[in-house]
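Subject: Structure handover

Hello,

Here is the structure for you to look through. My notes on what was found in it follow below.

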Amino acid sequence: VCLLCDFGGELLCCDFCPKCFCKGCITRNFGERMWTSLTDSEAQWKCFACDNGALKALQRVHQRLTLAEGEVLQQEAEW
């Protein structure tokens, strides 16, 4: 069962812990390219909980977008 959506389907399970993530959740949050690279690889996979590098990259993008949105709203309020 997928850790994020609690459903099954096409699952990718971590090689270092019992967590699994489904194709839908991975592609929705990280893109189809991420799913393809993870499933095409023969290497062992550390999930997003064991290795949060991909999540940190998404957090940085979110922070930049939130800051930019706040600046736009502030400028609109000043007009």
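W45 and F48 are both buried, buried being under 20% relative accessible area, exposed over 50% and partly exposed in between, with a 1.4 Å probe and protein chains only. Please note that this is a predicted model, in which local features need pLDDT of at least 70 and side-chain atom pairs count only at pLDDT 80 or more, while totals for chains, interfaces and linings use all residues. Residues are numbered from 1 along each chain as its sequence is written, and side-chain values use heavy atoms, with hydrogens and water left out.

Aromatic rings. A search of the whole structure gives four aromatic pairs. Rings of Phe, Tyr and Trp (its six-membered ring) pair if their centres lie within 6.5 Å; planes under 30 degrees apart are stacked, over 60 edge-to-face, and the rest tilted. F21 and F48 form an edge-to-face pair, because their ring centres are 5.3 Å apart and their planes stand at 80 degrees. This pair joins distant parts of the chain, 27 residues apart: F21 is in strand β2 (residues 20–22) and F48 in the loop between α2 and α3 (53–78). Helices (H or I, at least four residues) and strands (E, at least two) are DSSP runs, numbered from the N terminus. F21 counts as buried at 3% relative accessibility, and F48 at 7%. W45 and F48 are also edge-to-face, with centres 5.5 Å apart and planes at 80 degrees. Ring pairs link F21, F30, W45 and F48 into a cluster.

Core. The largest nonpolar core has eleven residues, among them L12, F21, F30, W45 and F48. Such a core is a set of buried Ala, Val, Leu, Ile, Met, Phe, Trp, Tyr and Cys residues joined through side-chain atoms within 4.5 Å. The elements giving two or more residues to this core are α1 (23–30) and α2 (32–40). Beyond its neighbours within four places in sequence, L12 is in contact (heavy atoms within 4.5 Å) with residues including F21, W35 and W45.

Cysteines. The whole structure holds one disulfide, meaning a pair of cysteine sulfur atoms within 2.5 Å. C13 and C20 form it, with their sulfur atoms 2.1 Å apart. The link is right-handed, with 100 degrees about the S-S bond. C13 is partly exposed at 37% relative accessible area, whereas C20 is buried at 11%. For C22, the closest cysteine sulfur is in C25 at 3.6 Å, too far for a bond.

Regards
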